[in-house]
Amino acid sequence: MFRPDQSGTLSVPGAGLYWESTGSGPALLLIHAGIADHTMWDDDVPAFATGHRVVTYDCRGYGRSASTDVAFSNRADIAALLDHLGIQRAAVVGISRGGMIALDFTLEQPERVSALVLVAAGLGGMELDLRPDEQAIGDLEESMWLAKDWAGVADLDVRAWVDGIGQPEDRVPAAIRERVRAMSRANYEAEHAEGQPIVLAPPAAGRLAEVHVPTLVIHGDLDTSTIAPVAEALERGIAGARRVTIEGVAHMVNLERPAEFQKLVLDFLAAAGV
């Protein structure tokens, strides 16, 4: 089992942020997906920590980071965590919702980001239509949410984000499916207060030209229909951004292809001098 060098809980307004730090060298911050928690990176941290100080944390309301119903900024939470750990500047990797947070933080506090890796990322302010089958799963998940059928919601998360919508349930190893299901269900069952997010304004979709750090965009070709258009927009809008599409992979790229993912990130950081 993975063991970090250091861990703790940082008190921020209305919440406590659980964090872990491993290794030494240039800082590398990993931000988890919205159906997961910091442990989704446990297989990646040892590889990254050979030359970096790797920091993972649970966003407020996820994993071990309890929250209350207050107005909050994910960007401010990151800044507070970096300050607490004595980190002035970090390379930032974010997946899914975590990718959106990473990009927003880069736009709000560009001096604190040395490089950016956006994996299956969302993009604030970009409106996209779902396919009918995707909308149907979303509608079903909403009804289960209202009924507090957390096991059912977690199962749908696995179908949509791990298997890939329309893909067979045996496409991904059972251990990965169960790992994500457990993280997702635990988040729902904790029933943390969601708080009132302070969104980035103006949103990121119209501000991509403001990103001036080396940027790598990664996504799988079996992901939902909204992810490839976002990846394309990121590649077009961020000067010098490089986009990599991994075949035969859905949303949870690092869990499906850990060795390939780690090499992509490490090679990118080396080329960026980070």
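This briefing describes pockets, selected residues, backbone geometry and salt bridges in one protein structure. The model is predicted, and its largest pocket has a volume of about 1300 Å³. A count of salt bridges comes to 16, and among the residues taking part is arginine 181, whose side chain meets that of aspartate 155 and also that of glutamate 178.

**The largest pocket**

- The lining of the largest pocket, with its volume of about 1300 Å³, is made up of 37 residues, and those closest to the centre are Gly34, Ile35, Tyr62, Arg97 and Tyr188.
- Four helices each supply at least two residues of this lining, namely H3 (97-108), H4 (132-146), H5 (150-164) and H6 (174-190), and H4 gives the most, with five residues.
- When the lining residues of the largest pocket are divided by class, 18 are nonpolar, eleven are polar and eight are charged.

**The second largest pocket**

- The second largest pocket holds about 220 Å³ of space, and of the 15 residues that line this pocket, the closest to its centre are Arg75, Met100, Asp104, Val199 and Leu200.
- Helix H2 (74-84) and helix H3 are the elements that give two or more residues to the lining of the second largest pocket, with H3 giving the most, four residues.
- By class, this second lining has nine nonpolar residues, together with three polar and three charged ones.

- Leaving aside neighbours within four places in sequence, aspartate 157 is in contact with Ile35, Glu141, Val162, Ser184 and Tyr188.

- Glycine 63 lies in the loop between strand E4 (53-57) and strand E5 (71-72), and histidine 192 is found in the loop between H6 and E8.
- Glycine 63 counts as partly exposed because its relative accessibility is 29%, and histidine 192 also counts as partly exposed, at 24% relative accessibility.
- Not counting residues up to four places away in sequence, glycine 63 touches Asp37, Asp58, Asn187 and His192, while histidine 192 is in contact with Gly61, Tyr62, Gly63, Ser65, Ala66 and Ser67.
- From C-alpha to C-alpha, glycine 63 is 26 Å from valine 217, a residue 154 places apart from it in sequence, whereas histidine 192 is 27 Å from glycine 164, with 28 residues of sequence separation.

**Backbone geometry in the loops**

- Most residues other than glycine have a negative phi, and most peptide bonds are trans.
- Alanine 120 is not a glycine but has a positive phi of about 45°; this residue has its place in the loop between strand E7 (113-119) and H4.
- Alanine 120 is classed as buried because its relative accessible area is 2%.
- Lysine 148 likewise has a positive phi, near 55°, and its place is in the loop between H4 and H5.
- Alanine 201 and proline 202 are joined by a cis peptide bond with an omega of about -5°, and proline 202 is found in the loop between strand E8 (196-197) and strand E9 (215-220).

**Salt bridges**

- Aspartate 155 and arginine 181 form a salt bridge with an N to O distance of 2.6 Å, and the pair links distant parts of the chain, since aspartate 155 is in helix H5 and arginine 181 is in helix H6, 26 residues apart.
- Of these two partners, aspartate 155 is partly exposed, with a relative accessible area of 32%, whereas arginine 181 is buried, with a relative accessible area of 16%.
- Arginine 181 also meets glutamate 178 in a salt bridge of 2.3 Å, N to O, and these two residues both lie in helix H6, three residues apart, which is about one turn of the helix.
- Glutamate 178 counts as partly exposed, at 44% relative accessibility.
- Salt bridges that share partners join Arg131, Asp133 and Glu134 into one network.

Note on methods:
Residues are numbered from 1 along each chain as its sequence is written. This is a predicted model: local features need pLDDT of at least 70, side-chain atom pairs count only at pLDDT 80 or more; totals for chains, interfaces and linings use all residues. Side-chain values use heavy atoms; hydrogens and water are left out. On a 1 Å grid over the protein atoms alone, a cavity is a set of points where a 1.4 Å probe fits but cannot get out, and a pocket is an open set with protein on both sides within 12 Å along at least five of seven lines; lining residues have an atom within 4 Å of a point. Grid points are joined across faces, edges and corners, and a volume is the space filled by probe spheres set on the points. Ala, Val, Leu, Ile, Met, Phe, Trp, Tyr, Cys and Pro count as nonpolar, Asp, Glu, Lys and Arg as charged, and the others, Gly among them, as polar. Contact means heavy atoms within 4.5 Å. Buried means under 20% relative accessible area, exposed over 50%, partly exposed in between (1.4 Å probe, protein chains only). A salt bridge is a side-chain nitrogen of Lys or Arg within 4 Å of a carboxyl oxygen of Asp or Glu.
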